[in-house]
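Please read each point against the structure itself.

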Amino acid sequence: MRESINRPPTPSAVEDRDKEPSLVEIINIKFVESGEKEKLTELLRERLVECGWMDEMKAFCRDYVRKKGRNNVRVDDLIHVIVPKGRASVPASVKAELLQRIRSFMATTLR
């Protein structure tokens with residue numbers, strides 16, 4: 001399988017020949033094909049900008065780099081530090097709105 005940081009592993013044709021897609025794979029396919037994944041991604045981006053989350057994360061990164069020194073920070077180090085903080089600081093209202101949109105999509109699509 002081929003893997004990337006930005007996408008899940010891509011199965012080879014040999015591995016996939018006789019395999020039925022799982023429910024999760026079917027849902028992912030429907031999200032992508034319908035364009036809903038793009039819409040949700042854009043909605044999330046808008047909400048995070050509106051609530052100041054993006055600015056907060058940028059400031060956190062700048063402070064971290066200043067404290068460690070520009071030449072002493074690798075991207076992997078920054079990702080390791082910022083991901084847990086970023087996930088924990090997403091407002092509950094944003095999470096709830098996205099979850100509601102996902103549930104609504106699934107209810108109408110997977111009948």
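1. Helices and strands are taken here as DSSP runs, helices being H or I over at least four residues and strands being E over at least two, and both are numbered from the N terminus. The model is a predicted one, in which local features need pLDDT of at least 70 and side-chain atom pairs count only at pLDDT 80 or more, while totals for chains, interfaces and linings use all residues. Residues are numbered from 1 along each chain as its sequence is written, and side-chain values use heavy atoms, with hydrogens and water left out.

2. Overall content. The chain holds 6 helices and 0 strands, so that by the DSSP rule above its elements, read from the N terminus, run α-α-α-α-α-α. Of the 111 residues in the chain, 16% are buried, where buried means under 20% relative accessible area, exposed over 50% and partly exposed in between, with a 1.4 Å probe and protein chains only.

3. The second largest pocket. A pocket is defined on a 1 Å grid over the protein atoms alone, as an open set of points where a 1.4 Å probe fits, with protein on both sides within 12 Å along at least five of seven lines; lining residues have an atom within 4 Å of a point. The second largest pocket has about 340 Å³ of space, a volume being the space filled by probe spheres set on the points, which are joined across faces, edges and corners. Its lining consists of Thr-41, Leu-44, Arg-45, Leu-48, Trp-53, Met-54, Gly-86, Arg-87, Val-90 and Lys-95. Helix 3, helix 4 and helix 5 (75-88) each supply at least two residues of this lining, and the largest share, 4 residues, comes from helix 3. By type, the lining divides into 5 nonpolar, 2 polar and 3 charged residues, if Ala, Val, Leu, Ile, Met, Phe, Trp, Tyr, Cys and Pro count as nonpolar, Asp, Glu, Lys and Arg as charged, and the others, Gly among them, as polar.

4. Side chains of opposite charge can pair when their charged atoms come close. A salt bridge is counted when a side-chain nitrogen of Lys or Arg lies within 4 Å of a carboxyl oxygen of Asp or Glu, and by this rule there are 8 salt bridges. One of them joins Glu-42 to Arg-45, with the closest N and O atoms 3.3 Å apart; because these residues are 3 apart in helix 3 (residues 36-50), they are separated by about one helical turn. Glu-42 is partly exposed at 36% relative accessibility, as is Arg-45 at 41%, and Arg-45 is also among the residues lining the second largest pocket. Another salt bridge is formed by Arg-66 and Asp-63 (3.3 Å, N to O), both of which lie in helix 4 (residues 53-68), 3 residues apart or about one turn of the helix. Arg-66 is exposed, with a relative accessible area of 62%, whereas Asp-63 is partly exposed, at 46%.

5. A salt-bridge network. Which residues are linked in a network of salt bridges? The members are Glu-46, Arg-47, Glu-50 and Glu-97. Within this group, Glu-46 forms a salt bridge with Arg-47, the closest N and O atoms being 4.0 Å apart. Glu-46 is partly exposed, with a relative accessible area of 37%, and Arg-47 is partly exposed as well, at 22%.

6. Phe-105, found in helix 6 (residues 92-109), counts as buried because its relative accessible area is 11%. The C-alpha atoms of Phe-105 and Glu-36 are 8.1 Å apart in space, although the two residues are 69 apart in sequence. Lys-37, in helix 3, is partly exposed at 49% relative accessibility, and its C-alpha atom is separated by 9.3 Å from that of Ile-102, 65 residues away along the chain. Ser-34 belongs to helix 2 and is partly exposed at 39% relative accessibility; between its C-alpha atom and that of Thr-109, 75 residues apart along the chain, the separation is 9.6 Å.

7. A nonpolar surface patch. Leu-23, Ile-26 and Leu-110 make a nonpolar surface patch of about 240 Å². Patches are made of residues with over 30% relative accessible area and no salt bridge, like charges being joined within 9 Å and nonpolar side chains (Val, Leu, Ile, Met, Phe, Trp, Tyr) within 5 Å; accessible areas come from the Shrake-Rupley method with a 1.4 Å probe, and for residues only the protein chains shown count as cover. Leu-23 is placed in helix 2 (residues 23-34) and counts as exposed because its relative accessibility is 57%.
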